[in-house]
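Open the model in your viewer and keep the selection tool ready. The stops below say what to select next and what is there.

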Amino acid sequence: MIKQILGRLPRKPGKAGDSREAAAAGNGTEPSNSYSVARSMDPGNKRAGNGDYPVPSGVTPNPVMNGAVVYHSNEPLPAFKDVPASEKQNLFVKKVNLCCAVYDFADPTKNLKEKEVKRQTLMELVDYVTSANGKFSEVVMLEITKMVSINLFRTSSPTPRENKAIEGVDLEEDEPLMDPAWSHLQIVYEVFLRFVASQETDAKLAKRYIDHSFILRLLDLFDSEDPRERDYLKTILHRIYGKFMVHRPFIRKAINNIFYRFIFETEKHNGVAELLEILGSIINGFALPLKEEHKLFLVRALIPLHKPKCVSMYHQQLSYCITQFVEKDCKLADTVIRGLLKYWPVTNSSKEVMFLGELEEVLEATQLAEFQRCMVPLFRQIARSMNSSHFQVAERALFLWNNDHIENLIKQNYKVLLPIIYPALERNSRGHWNQAVRSLTLNVRKIFSDHDSAFFGECVQRFNDEEVKQEESDSKREALWKRLEEMAASKPGENNPLGAPNGKPSQAAG
């Protein structure tokens, strides 16, 4: 009786996913999870969320995709070689969806089977994308970018450098943090790199999915402590810049903003060197004449990047970018050299050595007219560096005369420059503690002497005359101070109107 009553009641309709699976089972075909994944990730699907699908053990909900969790099978899907060509794209989508599961790698004993299945599937995706011989459909583009977003745009835990900065640990000497999930992340990066680089990826269609929001998230990953990840990001962003011309101005502007924040706010970022390496290639491809936008980038971002204390972490790449600008437009040499002088280090000897090295590269690309505009303040600074008590700084400054182009520029303007640097040469040859510096100084003196011995003699005489005048001035000053001290000692009462030491009034007896 009860069974009959219950049988007459209207049945509650099942979920769409259940009816699809039942229909698929009835037709003898394997249920596809691609549609359920797409619906769970669809921003327009109000029901999407963790409540729609049970969360498998060890699977982490990814907040990037609105908290959705992808339900997947633990069993590997069939290999591409085992299905007909007409089904390969559908199988590819299924495999991509299977790789949307994110596992916890903090515990290496968890979900070993699922992790291995995902790793093998990712390897298959790499091979498929590499060997693809037909244009990727929009569905494939959507699924790949979705899978990449879920795996890469993760919520990172606070990096050790933020904690150690409080403890005063030297961050440059600290070991970088290696991501424990790299065994999966590396293959995800490889899939995406080959997808972007593939000739079968139509940029006009793919730009809908690799959009500004996606690029900004990709740029955020450059702050990763793992150098392996930053290396992949560098290559991928460079490929995106080359393939998606429509995104180029946005990418340049976004990198600018990262630099501005680094220079003027935080002075903490792990990926400055990699971003500069990308920019070096971009600058190399700038058309002539240079746009005003590019010149402003040089003045507002690249030159101020000499300011942070950690400039040694990226100076090689920065120097390359600066030199590229000067080689593109020699009129920028004056701007660059004056910018270097503005940020010239005062007490950091190792940084000063780097600046001198960069200065040599810039001067090598500098023409005579631009050199003459900035040579006076420049050689005042070089003279100070030549007299540095740090022998590497003094050596590096004197090595400038080993460069034929720079030596030629100096010789063409020796009547202006020799009077500026001769005092530094004389002081070095008389009393610098380092023998190598003294030898280099004598070589530079000989260059000037051989070029114009008469003018060199005039500079020597002028220096000697100024030295005599300086000695007379010093002796007069010393004599004046001596007289003042004697006067103060002989007339204490006149110097102290109150008649007591330290200006305190004396207390008369009752």
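Start at Met 375 in helix α18, where a kink of about 60 degrees lies shortly before the proline Pro 377. The bend at a residue is the angle between axes fitted to the seven residues ending there and the seven starting there. Helices here are DSSP runs (H or I, at least four residues), strands are E runs of at least two, and both are numbered from the N terminus.

This is a predicted model: local features need pLDDT of at least 70, side-chain atom pairs count only at pLDDT 80 or more, and totals for chains, interfaces and linings use all residues. Residues are numbered from 1 along each chain as its sequence is written, and side-chain values use heavy atoms, with hydrogens and water left out.

**Stop 1: the whole of α18**

Select residues 368-386. Helix α18 has 19 residues, but its end C-alpha atoms are only 23 Å apart. A straight helix would reach 27 Å at 1.5 Å a residue. That expected span is 1.5 Å times one less than the number of residues.

Now colour by accessibility. Buried means under 20% relative accessible area, exposed over 50%, and partly exposed in between (1.4 Å probe, protein chains only). The buried residues of α18 include Phe 371, Cys 374, Met 375, Leu 378 and Phe 379. Which helices do the buried residues of α18 pack against? Show α16 (333-342), α17 (349-364), α19 (391-398), α20 (404-412) and α21 (414-431).

**Stop 2: Leu 417**

Stay with α21 and pick Leu 417, which is found in that helix. Leu 417 is buried, with a relative accessible area of 0%. Its contacts (heavy atoms within 4.5 Å) are Phe 371, Met 375, Phe 379 and Ile 410, not counting residues up to four places away in sequence.

**Stop 3: α4 against α5**

Select 88-98 and 112-131. Helices α4 and α5 pack at an angle of about 140 degrees, with their axes 9 Å apart. That makes α4 oblique to α5. Angles under 35 degrees count as roughly parallel, over 145 as roughly antiparallel, 65 to 115 as roughly perpendicular and the rest as oblique. Axes are lines fitted to C-alpha atoms, for helices over the stretch in contact, and angles run from 0 to 180 degrees between N-to-C directions.

Show the side chains in the contact. Among them are Phe 92 and Val 96 of α4, and Thr 121, Leu 125 and Tyr 128 of α5.

**Stop 4**

Go to Asn 111, in the loop between α4 and α5. Asn 111 has a positive phi of about 50 degrees although it is not a glycine. Asn 111 is buried, at 13% relative accessible area.

Next, pick Glu 267, in the loop between α12 (248-266) and α13. Its phi is positive too, about 55 degrees, and Glu 267 is not a glycine. Buried or partly exposed? Glu 267 counts as partly exposed, at 30% relative accessibility.

Then find Pro 289, in the loop between α13 (272-284) and α14 (292-302). The peptide bond from Leu 288 to Pro 289 is cis, with omega near -5 degrees.

**Last stop: zoom out**

Show everything. The protein has 24 helices and zero strands. Buried residues make up 43% of its 510 residues. Among contacts between residues at least 6 apart in sequence, 72% join residues at least 24 apart.
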